[in-house]
Amino acid sequence: MYTQGLDQKGEDAGRTAETAERLAAFQARIDAEEKIEAKDWMPDAYRRTLVRQISQHAHSEIIGMQPEGNWLTRAPSLRRKAILLAKVQDEAGHGLYLYSAAETLGTSRGQMVDDLLSGKAKYSSIFNYPTLTWADIGAIGWLVDGAAIMNQIPLCRCSYGPYARAMVRVCKEESFHQRQGFEIMLSLSRGSEEQKAMAQDALNRWWWPSLMMFGPGDSDSKHSAQSMAWKIKRFTNDELRQKFVDVTVPQAEFLGIRVPDDELEFDAESGHYKFGEIDWQEFFDVLAGNGPCNRQRLQKRQRAHNDGEWVREAARAYAEKQRRKAAA
C-alpha cells in the first residue's frame, strides 16, 4: 500500500528551516483541504504528532488482537469461530497498514515496535481489560469497535494523505466488526435468562472504558487543539464521545439491556443524552500501566516478538541472497 524506505534526504524530508512564511504556506494548504503527502514539506511538530498518533493506533490494533484471540478456541460454534478468526486477522492487517503509513514519515517499523515492547509507546487503554465471557466478544465488537468507528471515520479526511487513505479500508472492515458484535449481543439478549444476564454483565463492564476511548475531556486534552488546526482531527474528544452515546443508548434499549449509568437521560432541548461523570482516575491508572491486563498484554507481545525472530532472520537472509544475485 505504501512505499517503504522513502528518500528522506533534502527539502522533501521536511528538515529545512521553519520560517514564518513556510509555516504560513503549510497552514494555507491545510485550510484549503489539500492533502499533505510523504515528500511534501511539513513542520517537525506535525510530523511528530502524526508519528505518535499513527504508531499508537497501529500498536492498538496489534495488542487488540489479544483479548479476542483469548476466545478463538472457545467460541460457541464453528461459525462464530470462523467469524472471530477473520476479525482478528483483520486487526493484524490494520496494524500493518498503519505501520506502513507511519513509515512514510521517516520512522522505521523496527523503532516503533521497539518502543511498544519497551513500554515507551502507548496503545489504547481499552485493551487492558479482560474478556471473561463470550459476551465480552460481543461487547468489544459493539462498543469498542463502535467507538473506534466514531473516532476513525473523520480520519478518512485527515490532512495527511497516507493516513487518510489507510483509514478508508480500516473503517469499512471495522463496520463489519461492529455489526458482528451487535449480532452476538442480540442473540444473547434474545436467549435464556442466563444469556441475557451475561450480555448485561458485559455491558456493565465495557461501557465506561468505551467512553474513555475518546480520550480526556477537551479541557484536559494536550493535543486536540493543534491536531484540529492541522486537520488531523476533525472533532474534539467530547464531541465524538457525545455522538457515540447518542447512537449507542438506543441500541442498548433495542437489545433490552440497561446502560450502567443512573444519570443517563435524554435532553429533548439539546437532542442529546446527558450522562454521568467518567472516572478519569481509572483511565490514567490504566494508561500508566496499572490496569487489569497491562503486564499480561505486553509480556505476551514480547514473547511473540521473540518467538518470531527466526522468521525475521530468514527474511533478512533471503533478502541478502537476492541482493547478491542481482549484483552478480
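Are Y46 and W230 buried or exposed? Both Y46 and W230 are buried, where buried stands for under 20% relative accessible area, exposed for over 50% and partly exposed for what lies in between (1.4 Å probe, protein chains only).

Before the exercises, some ground rules. The model is predicted, so local features need pLDDT of at least 70 and side-chain atom pairs count only at pLDDT 80 or more, while totals for chains, interfaces and linings use all residues. Residues are numbered from 1 along each chain as its sequence is written, and side-chain values use heavy atoms, with hydrogens and water left out.

**Exercise 1. Describe the aromatic pair of Y46 and W230.**

Step 1: start with the whole structure, where a search finds twelve aromatic pairs. Rings of Phe, Tyr and Trp (its six-membered ring) pair if their centres lie within 6.5 Å; planes under 30 degrees apart are stacked, over 60 edge-to-face and the rest tilted.

Step 2: Y46 and W230 are edge-to-face, at 5.5 Å centre to centre with 90° between the planes.

Step 3: Y46 belongs to helix α2 and W230 to the loop between α9 and α10, so the pair links parts of the chain 184 residues apart. Helices here are DSSP runs (H or I, at least four residues), numbered from the N terminus.

**Exercise 2. Characterise the largest pocket.**

Step 1: recall the definition. On a 1 Å grid over the protein atoms alone, a pocket is an open set of points where a 1.4 Å probe fits, with protein on both sides within 12 Å along at least five of seven lines; lining residues have an atom within 4 Å of a point.

Step 2: the volume is about 1200 Å³, taken as the space filled by probe spheres set on the points, which are joined across faces, edges and corners.

Step 3: the lining has 44 residues, and Q56, N151, M213, F214 and G215 lie nearest the centre.

Step 4: sort the lining by class, giving 17 nonpolar, 15 polar and twelve charged residues. Ala, Val, Leu, Ile, Met, Phe, Trp, Tyr, Cys and Pro are nonpolar, Asp, Glu, Lys and Arg charged, and the others, Gly among them, polar.

**Exercise 3. Describe the second largest pocket.**

Step 1: its volume is about 370 Å³.

Step 2: among its 14 lining residues, I62, L96, Y99, V113 and R301 lie nearest the centre.

Step 3: by class, the lining holds nine nonpolar, two polar and three charged residues.

How values were computed:
Helices (H or I, at least four residues) and strands (E, at least two) are DSSP runs, numbered from the N terminus.
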